[in-house]
Amino acid sequence: MSALTPPTPVATVPVPMANRKAGAAGTEPDASDAPGGARVLVRDLWKVFEHGGRSIEVLRGINLDLAPGALVSVVGASGVGKSTLLHLLGTLDVPTSGQILFDGANVTDMSPAKLASFRNREIGFVFQFHHLLPEFTALENVMMPGLIARRPRKDCRDRAEAILVRVGLQDRLRHRPGELSGGEQQRVALARALVLSPRLLLGDEPTGNLDTRTGRAIHDLFFELNRELGMTLLLVTHNDELAGRAFRKLRMVDGRIQEEGA
Ligand SMILES: Nc1ncnc2c1ncn2[C@@H]1O[C@H](COP(=O)(O)OP(=O)(O)O)[C@@H](O)[C@H]1O
Ligand SMILES: [Mg+2]
């Protein structure tokens with residue numbers, strides 16, 4: 001299994017955290033162990049796509065300051081650039097201009113090799129569609145980021161089990177994605193994103209494909225894990241009510257960000 005290539009897209013492969021516990025059910029993660037959240041500063045971020053001979057200005061000067069451990073939601077009409085912003089923050093794509101500072105480090109200046117290892121170490125991603133590997137069990141899927149980072153197999157297994165238990169899947173470890181409900185699949189995807197304790201977690205409409213009740217439960221889980229583990233969390237959602245429960249709510253309009261009362 002360790003010879004496998006990462007799940008598509010790249011995203012969910014944060015790497016080490018020296019000694020942080022994954023927060024198994026029934027055990028409070030030890031905050032003194034936790035790497036905590038990243039401070040993310042965005043300065044005058046532009047993204048222009050060239051398409052069919054035309055320039056599309058999707059992001060038009062985004063400025064943003066995410067405090068370490070903050071829980072921030074992002075709403076906005078379809079096509080307004082929410083996923084584009086998340087991809088840039090997740091270092092999956094590069095901006096046309098502007099800066100992203102991650103605890104002061106300018107990720108827009110990093111070499112591709114450095115960026116890959118940085119992304120693997122620091123950032124977790126959960127997408128609308130889970131992108132789990134269908135032929136592997138939940139446990140194996142969640143072990144994958146650790147195996148890709150060449151951590152010892154036992155360590156990968158222990159971490160994966162602990163975080164799967166934490167997200168409520170203690171009875172589903174050996175199930176394949178096709179044998180899980182939509183909500184369970186997203187729990188696995190969340191566990192995979194968190195297994196190596198990233199300091200920034202990005203969710204791109206992770207409940208967009210779920211019914212209301214299941215979606216609410218998944219949101220609750222994101223919120224709980226943010227409180228417990230202290231990572232900075234930016235959550236794009238189409239659901240205004242769920243977004244309103246975040247500590248801070250942002251709205252994207254016309255390529256820019258507006259603050260809304262939380
Ligand atoms: N690779 C690309 N090339 C050209 N246009 C793109 C590309 N990716 C996104 N876009 C355009 O950018 C706009 C914003 O897309 P997106 O960030 O996915 O919006 P949202 O997530 O808010 O629905 C859309 O008009 C989309 O068509
Ligand atoms: Mg989108």
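A crossing of two helices is called right-handed if the near helix is turned clockwise from the far one by less than a right angle, and left-handed if the turn is anticlockwise. In the predicted model described here, helix α5 passes helix α6 in a right-handed crossing.

The protein chain contains 7 helices and 10 strands. It has 262 residues, of which 45% count as buried. Among the contacts between residues at least 6 apart in sequence, 73% join residues at least 24 apart.

Ligand 1 is surrounded by residues from several parts of the chain. The shell holds F49, H51, I56 and V58, together with G76, S78, G79, V80, G81, K82, S83 and T84. The largest share, 3 residues, comes from α1. By class, the shell consists of 4 nonpolar residues, 7 polar residues and 1 charged residue.

Of its 8 residues, 7 are buried, so the helix is largely enclosed by the rest of the structure. The buried residues are K82, T84, L85, L86, H87, L88 and L89. K82 and T84 are therefore buried residues of α1 under the cut-off of 20 or more other C-beta atoms within 10 Å, and both also belong to the shell around ligand 1. Just after α1, T91 takes a positive phi of about 60°.

D44 has 13 other C-beta atoms within 10 Å and is partly exposed.

The arrangement of the helices was examined next. Two packed helices are described by the angle between their axes and the distance between the axes. For helix α5 (residues 182-194) and helix α6 (residues 212-229), the axes come within 10 Å and cross at roughly 20°. This angle makes α5 roughly parallel to α6, because angles under 35 degrees count as roughly parallel. On the α5 side, the contact is formed by G182, G183, Q186, L190 and L194, and these meet T214, A217, I218, L221 and L225 of α6. The contact comprises 6 nonpolar and 4 polar residues, with no charged residue. An α-helix has 3.6 residues a turn, so residues three or four places apart point the same way.

The second pair is made up of helix α3 (residues 138-148) and helix α4 (residues 153-166), whose axes come within 8 Å and cross at roughly 125°. At this angle α3 is oblique to α4. From α3, the residues in contact are A138, L139, V142, M143, G146 and L147, while α4 supplies D155, C156, R157, R159, A160, E161, I163 and L164. This contact has 9 nonpolar residues, 1 polar residue and 4 charged residues.

Residue A191 links these two regions of the model. A191 lies in helix α5 and is buried, with 30 other C-beta atoms within 10 Å. Apart from its neighbours within four places in sequence, A191 is in contact with V142, I163, L164 and V167. Of these contacts, V142 belongs to the α3 side of the contact between α3 and α4, and I163 and L164 belong to the α4 side. A191 and V165 are 26 residues apart in sequence, and their C-alpha atoms are 9.2 Å apart in space.

S197 lies in the loop between α5 and β7 (200-204). S197 has a positive phi of about 55° although it is not a glycine. With 29 C-beta neighbours inside 10 Å, S197 counts as buried.

Towards the end of the numbering given here, I257 is found in strand β10 (residues 256-260). I257 has 19 C-beta neighbours inside 10 Å and counts as partly exposed, because a residue needs 20 or more to be buried. Leaving aside neighbours within four places in sequence, the contacts of I257 are I62, L64, L250 and M252. I257 and G76 are 181 residues apart along the chain, yet their C-alpha atoms are separated by 9.4 Å. G76 is one of the residues surrounding ligand 1.

Key
Residues numbered from 1 in each chain as written. Chains lettered and ligands numbered in written order. Predicted model: local features only at pLDDT ≥ 70, side-chain atom pairs only at ≥ 80, totals over all residues. Near = placed C-beta within 6 Å. Helix = DSSP H or I, 4+ residues; strand = E, 2+ residues; numbered from the N terminus. Nonpolar A, V, L, I, M, F, W, Y, C, P; charged D, E, K, R; others polar. Buried ≥ 20, exposed ≤ 12 C-beta atoms within 10 Å, placed from the backbone. Contact = placed C-beta atoms within 7 Å. Axes fitted to C-alpha atoms, helices over the stretch in contact; angles between N-to-C directions. Parallel < 35°, antiparallel > 145°, perpendicular 65-115°, else oblique.
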